[in-house]
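Q: Please take a close look at a single part of this model. Please begin with the confidence of the chain that holds the part.

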There are 2 protein chains.
Amino acid sequence: MTPAVPEPEDTRPPPTRRRPGGRTARIRTQVLDAVRAEFSEHGYDGLTMDAVAARAGVHRATVYRRWEDTGGLLADVLDAASDDDWQPPDTGSLEGDLAALNQEIQAALTAQPPFVTALIAASFRSEKAAHAQQRLWEDRYARCEIVVSRAARRGELPPYTDARRLLIAATAPLYHQLVLLRTPPDPRLPDDAARIAALAAAAGAFTEPPSAGDA
Amino acid sequence: MTPAVPEPEDTRPPPTRRRPGGRTARIRTQVLDAVRAEFSEHGYDGLTMDAVAARAGVHRATVYRRWEDTGGLLADVLDAASDDDWQPPDTGSLEGDLAALNQEIQAALTAQPPFVTALIAASFRSEKAAHAQQRLWEDRYARCEIVVSRAARRGELPPYTDARRLLIAATAPLYHQLVLLRTPPDPRLPDDAARIAALAAAAGAFTEPPSAGDA
């Protein structure tokens, strides 16, 4: 898992399992599985409510009523990605944790088919998908804050280190290079970005005085 | 100007001026001005070849022949953004230069109307626009390398500091937060990201041994 993107295995056909919650939850599972499959095969422009309903074996009216449009479907795929128990890696050091995290992000952003980057691209097409992508990133970064609190407890960080700013600095180069600049993946980048952030953090670059003066 | 995005003033109606190059260059200027105006007003989905031709006062056939489709038009807007004499700020210190650069990026990415971010979004819709956006970023980052060589000459950096990696690290948090995470602009972010990158650079985080061993 990555801190900011849906689980890559969500892109594969799901194991046939019953989820708790009865019929409503079952329909959601069927529909979201169909959305993932249709979206992976046809992209945003080829995603239609009718094809999703047909593939899911669910009434069109149900799909329209509950999800409204394809943006609503993709938004729910993103929201569903938070329904897991993902936790960031625990390697015993800040730099190690950040590097392992970045390896997961790089793997997700370079996976084939490019499900995660396609969802990010779709977030530029639909307000609903954009807000869901924001919620998912917020969830992932919030879960990752434990990486920083563990490092603080081990004495690796100066007091009042701001976890979120550190995590953004550590992970931003991956997203910038792979999603926006679209440079070929650099196998050293995950470790490099982790090392730079850990080094800057140890030097006090992310400290936030409790009475928050200006920086 | 920013290191990576078209000149904000390109979004305004251009001064009426003759550019060198005769009729072909004049037509390009008229058409690209029309593309910027139409794109700003109607977005990617509302951009049409016919409206651009009409607004530019140029034959439809000419527009289709030379630019093929709306992706081709946007790609040329991005390519044209490199036809300037933009240089990165020269403040006398690495951290100052990076902070000034980041201020320009933040200003471009938060400008209203959001022309630059709309172009980045459009690069997820059209391969041609994506490649042109890549070329523009490549141009901007290449021009910014002088910031690092000046700092090296002033003795601010260890030998063999990799300029590109330093510049990406310094600017990535701006793009990640403003384009992908879509967080509200943080007025401290440009300076923070510059300080962190300068600090990491001084500590040797971007050094690249000339016989490039593994990192």
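A: Chain A has an average pLDDT of 89, and 88% of its residues score at least 70; pLDDT is the predictor's confidence in each residue, from 0 to 100. This is a predicted model, in which local features need pLDDT of at least 70 and side-chain atom pairs count only at pLDDT 80 or more, while totals for chains, interfaces and linings use all residues. Residues are numbered from 1 along each chain as its sequence is written, chains are lettered from A and ligands numbered from 1 in the order in which they are written, and side-chain values use heavy atoms, with hydrogens and water left out.

Among the elements of chain A, the mean pLDDT is lowest in helix H6 (residues 115–122), at 92, and highest in helix H2 (residues 49–56), at 98; helices are DSSP runs of H or I with at least four residues, numbered from the N terminus. Over residues 1–13 of chain A, pLDDT stays under 50. Where pLDDT is low, the predicted coordinates should not be read in detail.

Leaving out residues up to four places away in sequence, A:Gln106 touches A:Leu174, A:Leu178, A:Pro185, A:Asp186, A:Pro187, A:Leu189 and A:Pro190, where contact means heavy atoms within 4.5 Å. With A:Asp186, a polar atom of the A:Gln106 side chain lies 3.1 Å from the backbone oxygen.

Definitions and conventions. Helix = DSSP H or I, 4+ residues; strand = E, 2+ residues; numbered from the N terminus. Polar contact = N/O pair within 3.5 Å; in protein donor to acceptor, adjacent residues only side chain to side chain.
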